[in-house]
Amino acid sequence: MRQFQLAYENQEGLEKWLEDISLLCADHKCDQIIFNVAWMQVAETKLKMVTEAIEKFFPDAMYYGNETSGNIHMGDLSYGINITGFIFDMPTSRTELLWIEKETEMASLADLWTYCNRQQNLRAVELIPSLSYLDEMKIDGSELPIAKDILVFGGSCVNYDFEPDFGYVMAKGHNHMKDGLVAVLYYGEELYFYSRDILGWKGVGRLMDVTKTSGKIIEEINHEPAFSIYEKYLDLALEDKEMLVFPLIVEEAESRFLRTPQLVRPDKSIMMFVDVQEGAKVRIAYGDESTILNSLSEATTDIRKFQPEVIRSFSCAGRRLFWGDDSVGQETDYMQKIAPVSGFYTGGEILRFDHKLRVLNQTLAIVAIREKECEVDTNEIEKMKPSRKSLLSRLTYFLGTLVNEALEGQTKLEEDTRIIGALSERFGYVDYIELTDDFKMDTVTEIRVSKELTTLIPEWQDEKIFYRRLDLLIERLIYEPDKQMFYERTRHDEIIRSFEDSDTIYINMRAWINHEIVYLLFQISAVRLENRIVGIVAAIRSVDEQKKKEIETQKQLEDAMHAADAANKSKSEFLFNMSHDIRTPMNAIMGFTAMAKKYAKDEEKVKDYLEKIEISGKQLLTLINQVLEMSRIESGTVVDDETPCDCIERFQSLLTVLSAQARAKGLDFKSSIQNVTHTRVYADDTKVNQIVLNVVSNAMKYTPEGGCISFNLTEVEPRKAGFATYTISVEDTGIGMSQEYIEKIYQPFSREKNSTVSKIQGTGLGMTIVKKLVDLKEGTIDIQSKVGEGTKFDITLDFRIAEDRDIEEARARNQELTTASFEGKRVLLVEDNEMNREIAKDILEEFGFVTEEAEDGDDAVRMCYAAAERGDFTYYDYILMDIQMPRMNGYEATRAIRAIPVPDDVHVPIIAMTANAFDEDKKNALASGMDAHLSKPIEIVKLLETLSLFS
């Protein structure tokens, strides 16, 4: 692979250059060539002469180009044309030229990425957009929809004086485009790329918030006009070009990138090349020639090891302006050390690939290309020795640097004399005061003073007496409430007394600057010689950031305390509600039980009482299950357990139940299922039912008799491939909710009115569970409500599409479960509660089981040993094991039973049947050797399904 470059001077020179390249191609049988043309303020007629010459000598060659601001071989020309040719030596290497423009087949970046993802051996994509097309690209740092091993790089056009007629690109076959993008696709099995971006700017100062934006305009930073931060911290005038030295570092999530102000407007807002979003964090950056060249020096070693055959370099126009006319060649000269013939500089910002597309400022990006893998060259490149002086003096009060050098002329002090001082980030000073024999402090020797301090106190440098300087601090700087304290702590006798305990005195104080409180530390340090104090160093440094962090931390602690108080209050309210809501059904159960005993001979009354006891029991169980479900969700152990199903059948079955409940409460229930084209999906029945039942039950609770509830299921546009998306809408004409309550409806235990006031029971966990389950499925909930008019919930969920055969297989499995026979199967029922044993035995014997009972784990182990000693290892077909038992619990009993010697092919299923219903209990059951876990109260269908698994 080879690269050739020409700075265009005349047509004759161009044609001679092209002729030489064509002869070289003929000698080496190279016919794959592409030309890049870069121009600065050149008329189309001259560009046309260049492209016609290329087509004359290379009729099949591709060429493309863009408007730029300079070239590394062209010095400081204000106009001109530069042409770069690339020849591929390998037959597998090639390029393809594409362009995107409105009203063409490839009209967007999405089309380009789709095309790229279909290509074989695609190694890199070079993007050259026109300046106006940057907006179309919507560069926002999101993931690029293209394979991560494909390099994406390039540069945008420059825009002279911000005129819309400039900043365009061209491509063979399409001429000039003022609103489009050229893409060069690089193919080849043995084509290798190495990319590196070189910045050289450092972030300084604190992070600030972008508080107001409008498109590309930053209007406010920290609620002040945007450019005010440059005036405030750097003393830059509105038109000062030195803002190129101080671009903004923008921090969004994990991304950090530079933004140089393109234009400062009279209202002190800042125009950028691309958007900076409101809410972004920004920090002022600082760059000087030495730092930037050192960054380039460090980068070039790795580039040199790659042994590039072609170099493509892209530099921001702002970077070129930063170097200025007298130093523009410094980076250029250094680039020549990497490759004798280097590519051109574009004039726009850099398009960078880090799995994301970003536009940066002030960056130099280098893309090195070669055919075949290189042998590593370990030769070091000579380091550049920058001659330019740093601009640190502009940042004295901004950088905060410790003073470490000894005082000039103080040779009598020992080498280990401590001189402690500091420069402030926003203002500061360091003074040395020599003590007389009688410890008098008089004339100061000024070590350092900031411009900020002399601006605040103009008389400062004229005043050379230490205590008069302190008076100026008290008068002009220190916050009124701290003045007396500072005066007392800096009295001569107090300072001398304090030195008896420590060589350093720290005085924390506050200053009032620019209408805000700033925290300062005044520091006085003793300088000793032969254990005698010969002088002091007095200094001020800002501790504003640390102090405000402490205050913020304190505030966070207070907020956490308030949050804990609120949580305790919520829990107290929860316990109050739960106490009431549990006692209500319990009272009904106990009351109707007593009445059933009283009227035992009246069959109709007893039947009615039993039905009411059953309803109250289910109500109580619902309350308990919701608390358990919330616990599982909070522990993060809930997962989707999806099975294939017909969603129409499932929803219609659910709607039948809901409709009956609504009628029983005197409500009009309307339902519809619309536009459902994908009926076969994978779904977790339990969780979908929980979502729907909680929302509809709430609607029923809060809709008075005679009201209406509507349920609608609609399939909408899918949100991702392979999934069907449904919207479930539940609307009622009930009491509605206030906007204030809607904002906290998903908080645990929240109810707009508790049950003692509203007469409506519930834990306040229903909507919390709904939100958690919808989030688990990556769905959304929208609530619209008005007090006195009603509420509407719109829930959107995605379900993976299932095949017909998945449904049939699931139905076949269910059929096997429902037809399983248990006649004659022997069960050992281990349960210490006599009533629970009686209930379980009755259920089991109804389905043909032979039941034996053990009152404790110890009895169960003894009975299993007896069967094993008889040699009847399969005497019991199942063991149903309680957990909490007095002499030996279920875990211990299971481990003992599993320890009984039995043949290898014998395994008696042990199933926990317990009131311990948390996920941790399930884990403990399985860990002890059990095969499954069922929670009480017993659900007959679930019990039979579980036993069928082991039949």
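Predicted model: local features only at pLDDT ≥ 70, side-chain atom pairs only at ≥ 80, totals over all residues.
Biologist: Why is R476 called partly exposed?

Modeller: Buried means under 20% relative accessible area, exposed over 50%, and partly exposed in between (1.4 Å probe, protein chains only). R476 has 34% relative accessibility, so it counts as partly exposed. E459 is partly exposed too, because its relative accessible area is 31%.

Biologist: How do you know that R476 forms a salt bridge with E459?

Modeller: A salt bridge is a side-chain nitrogen of Lys or Arg within 4 Å of a carboxyl oxygen of Asp or Glu. For R476 and E459, the closest N and O atoms are 2.5 Å apart, so the pair meets the definition. This pair links distant parts of the chain, 17 residues apart: R476 sits in helix α11 (residues 466-476), and E459 in the loop between α10 (451-456) and α11. Helices (H or I, at least four residues) and strands (E, at least two) are DSSP runs, numbered from the N terminus.

Biologist: What makes E516 and K548 a tie between separate parts of the chain?

Modeller: Their side chains meet in a salt bridge, 3.4 Å from N to O. E516 lies in strand β28 (residues 516-529) and K548 in helix α14 (residues 544-598), so the bridge ties together parts 32 residues apart in sequence. E516, at 25% relative accessible area, is partly exposed, and so is K548, at 29%.

Biologist: Why is D684 called buried?

Modeller: Because its relative accessible area is 4%, which falls under the 20% limit. K687 is buried as well, at 11%. The side chains of D684 and K687 meet in a salt bridge (2.9 Å, N to O). Elsewhere, salt bridges that share partners join D856, D858, D859, R862 and R887 into one network.

Biologist: How many salt bridges does the structure hold?

Modeller: The structure holds 34.

Biologist: What makes a set of residues a nonpolar core?

Modeller: It takes buried Ala, Val, Leu, Ile, Met, Phe, Trp, Tyr and Cys residues joined through side-chain atoms within 4.5 Å. The largest one has 43 residues, and V692, F711 and I728 touch the most other members. Apart from it lies another core, of 32 residues, including F486 and L520.

How values were computed
Residues numbered from 1 in each chain as written. Heavy atoms only, no water.
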